[in-house]
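Please look over the structure below. The report that follows takes up a few local features, one after another.

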Amino acid sequence: MRAGAAKPIALIALAWCLTGASAAGPGIAVRVPAATELPWRGLMAAGGSDARGGGMMYPAPNLAGFLVAILAHGLVVEGSRNAERTQQEKAADRVLEPYRPLLAGWTQRALLEAALPQLQQPGARLLAEGSEPAADEWLVEMVPGFAIAQDHGTLVLDGLVRVQRPGETAKTETVVRVLSAPLPTPAVAKAEPPVATASAADAANAAPVTPVAAAASAALTGSAPTTQASVAQQHWSADNAKALKVETAAMLAHAIDAALTQLPRTASTPAAPAEVPFRTHRYLMGDVETMERGQLLARGCDRVLLRTLRGNLLSAAVQPSRDKASACAPGYRLDLGSARPAT
Amino acid sequence: MLLRSASAVLACVILLAGCAGPVQTPVSLSAGYAAAKPGRVGVAVSELPKPDTYFPGAGCLLCMATASAANSSLTSHVRTLNADELKPLKQDLAKLLRDQGLDVVVLEEPLKMDAFPARSGAAPNQARQDFSALRDKHRIDRLLVVHFSELGFTRPYSAYIATGDARATLQGSGSLVNLANHNLDWYEPISVSRAAEGKWDEPPKYPGLSNAYFQVIELGMDAVKKPFQKK
C-alpha cells in the first residue's frame, strides 16, 4: 500500500469507529475508587442478639440522686452494649483469616478490570486516574465492600453505586446488595455423611429449607456444619482464590448493571415503579431460606432482583424455577430490561 | 406481732404460688397421626392481634410511660402495619391436612379466645379452655387452633433504660385439641423475633424493622405448618 493512501484510509476507519460508537448509545466510564484495598468483613449471624431487660432498683435519697442514678445506669448499659457489639464484629471477622493472604493482591482496580467485560451494558471502560468522562458518557463510581458468611458458603457484596448522567452534575446514589448463589451441591455433598447426602439429593423435591429445618439438620448431622464450612472454604481458596475472585467480579458487574437499569428516567422521577406491589419474597442465603419485603424488579431462572423497603436493590438466589419449558436467564444475567440506561 | 407478720408473708406466698399455673410444654404430633383417622378436624385462627410495641422490663408505671414516650415514633409506625399476611394461614393448614387424607372444615370466623371458658382442673397436656361448643356447632372431632397473642415490635428495658435494640416479634401458640376429652394431640408455642438488618432506628418508616416484621410473620407461619407437612 502506498504511504499516501494510508492516511485517508485511517481517517475513514476512525470515522467508522466513531459512527459505530454513537449508534450503540452513550458509553459508560467507571472510575476506580481512591482506596486501593478492597474492604472485607465477616458477616454476623442473622437475627441479632436478644438483650434481656428486667427491673432495677435505684438507690436515691432525693430527686437529683434518682436522676443521676438513671443516667449512670444508662451509661453503663450503653457501654456494655457497645463493647458486646465490637466483640461480636471482631469474632465475625475471624472467618476472613484463611483468605487474607490470598486477597492481598485483589485490589479495587483488579476487581473492576475483571468485572467490566462482564457487564450486560456494552461499551464500559475504566476511567484513567485524574481524567473525566467524555461529554456523552455516563460516569459510574462504585464503592464496594464484601463479606463472607460464617459458614463460608455465601459471599455478600454491599455496594454504593453513584451514577452521573451525561450533561448533569448531580449524581444518583443506589445501594446494591448481591448475594452469591449457594455452592453447587456436589461440592458440599462429597464431604457429608450419608444421611446428609440423601437430604441434599431430595432438596429439589422438598419444601423450601427454613432456618428451623437447617438448624435441625445441622443438629442431627453433628459435625456436618464444620465439614460444609471447610469444603466451602476450600472451594473459595483453591488456586490462589480463583473461584472467589471470579465470583466477586461477576457480582460487581451484576451490581453495576442492576443499578444502571433501575435508575429513574430523570433525576426527579421516583425510583420505585409504583405499580409493582410490595410482597414478602423468599431467597437463599447459602442453604438457609430467608425473606425480604420488596418489589420484584427482575427474575431469572434462579435469581431475583428486588427493591427493598429501604429503596435499595437486593439480588439474591432463589429456588430454581421448575418450569423447564419457559426460557429464563441463568445466574447473574437477569433480564434487567433495556440494555442501555435511559437518557 | 412477729407471728402476724409471718402469717401475712406466708399468705402472700401461697396466694402468688396458687396464681402461677404450670407452663404447657410442647407436645409433638405423633408420626402416624393422619393414618389413625382422627375424625373431622376444624381449623381455626384466633382474632389477629393489632400490631403494637412491647417493652418488657419497664415494669413500673413511670417506666412504662418513659418507654412509651421514648418510642412514640416506633409505636405510631407499627400501628400503620397490619396482620393481613397471616390470613392465608388457615387455608394453608387446611390444605396440608386435606393432602394427608383428613376431613377438614375451616372455621371462617376468627375465634374470640376470651369467649371460651377456662377448664378448671385441666391436667398437663390438656387444653386450658373449653372448646366443646365448637364440637357441637361444627360437628368436628378435633380442633386445630392457632392463637397469636403478640405481634409488632419489642424493645427490652431495665426500668427506665433500654437494654437492647427494638426487634420484630410474633408470639402465640398452636394446638390440636381432641374435643372428646380436650387432650392435646399437638401443642407448639410460637415465639419468633428478628432484629433489623443494619440500623433499626430509622424513623418515620423504620424500613429495616418493618422488613423484620414481615420475616417473623413468615417464620411464625412456617413453624405452625411444619408438623403438618408431608415428610
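Cys63(B) is buried, at 2% relative accessibility. In this predicted model, Cys63(B) is joined to Cys60(B) by a disulfide, with an S to S distance of 1.9 Å. Cys60(B) is partly exposed, with a relative accessible area of 30%. The link between Cys60(B) and Cys63(B) is right-handed, with 85° about the S-S bond. Over all chains, the structure holds 1 disulfide.

**Confidence**

The model scores ipTM 0.86 and pTM 0.81. Chain B has an average pLDDT of 90. In chain B, 90% of the residues score at least 70. Where pLDDT is low, the predicted coordinates should not be read in detail.

**A helix with one buried face**

Helix α4 of chain B spans residues 89-99. Its buried residues are Leu89(B), Lys90(B), Leu93(B), Ala94(B), Leu96(B) and Leu97(B). Viewed down the axis of α4(B), these buried residues fall within an arc of 160°, so they line one face of the helix.

**An enclosed strand**

Is strand β7 of chain B enclosed or open? Of its 12 residues, 167-178, 11 are buried, so β7(B) is largely enclosed by the rest of the structure. β7(B) pairs with β4(B) in the antiparallel sense, over 12 bridges. In that pairing, Leu144(B) stands opposite Leu176(B) of β7(B). β7(B) also runs antiparallel to strand β8 (residues 183-195) of chain B, and 12 bridges join them. Here Leu176(B) stands opposite Trp186(B) in β8(B). β7(B) and β8(B) form a hairpin with 4 residues between them. His182(B), in the turn, has a positive phi of about 65°.

**Salt bridges**

Side chains of opposite charge can pair when their charged atoms come close. The whole structure has 25 salt bridges over all chains. Three of them are tabulated here.

| Salt bridge | N to O distance |
|---|---|
| Arg41(A) and Asp158(A) | 3.0 Å |
| Glu289(A) and Arg282(A) | 3.0 Å |
| Glu47(B) and Lys112(B) | 3.0 Å |

Arg41(A) forms its salt bridge with Asp158(A). The pair links distant parts of the chain, 117 residues apart: Arg41(A) lies in strand β2 (residues 40-42) of chain A and Asp158(A) in strand β5 (residues 155-164) of chain A. Arg41(A) is partly exposed, at 34% relative accessibility. Asp158(A) is partly exposed too, with a relative accessible area of 24%.

Glu289(A) is buried, with a relative accessible area of 3%. Its partner, Arg282(A), is partly exposed at 28% relative accessibility.

In chain B, the side chains of Glu47(B) and Lys112(B) meet in a salt bridge. This pair also links distant parts of the chain, 65 residues apart. Glu47(B) is in the loop between β1 and β2 (52-54) of chain B, and Lys112(B) is in the loop between β3 and α5 (132-138) of chain B. Glu47(B) is partly exposed, with a relative accessible area of 40%.

Some salt bridges share partners. In chain A, such salt bridges join Arg31(A), Glu132(A), Glu141(A), Arg162(A), Lys171(A) and Glu173(A) into one network.

Methods
Residues numbered from 1 in each chain as written. Chains lettered and ligands numbered in written order. Predicted model: local features only at pLDDT ≥ 70, side-chain atom pairs only at ≥ 80, totals over all residues. Heavy atoms only, no water. Buried < 20%, exposed > 50% of the residue type's maximum accessible area, 1.4 Å probe, protein only. Helix = DSSP H or I, 4+ residues; strand = E, 2+ residues; numbered from the N terminus. Arc of directions from axis to C-beta. Disulfide = S-S within 2.5 Å. Pairing = 2+ DSSP bridges. pLDDT = per-residue confidence, 0-100. Salt bridge = Lys/Arg side-chain N within 4 Å of Asp/Glu carboxyl O.
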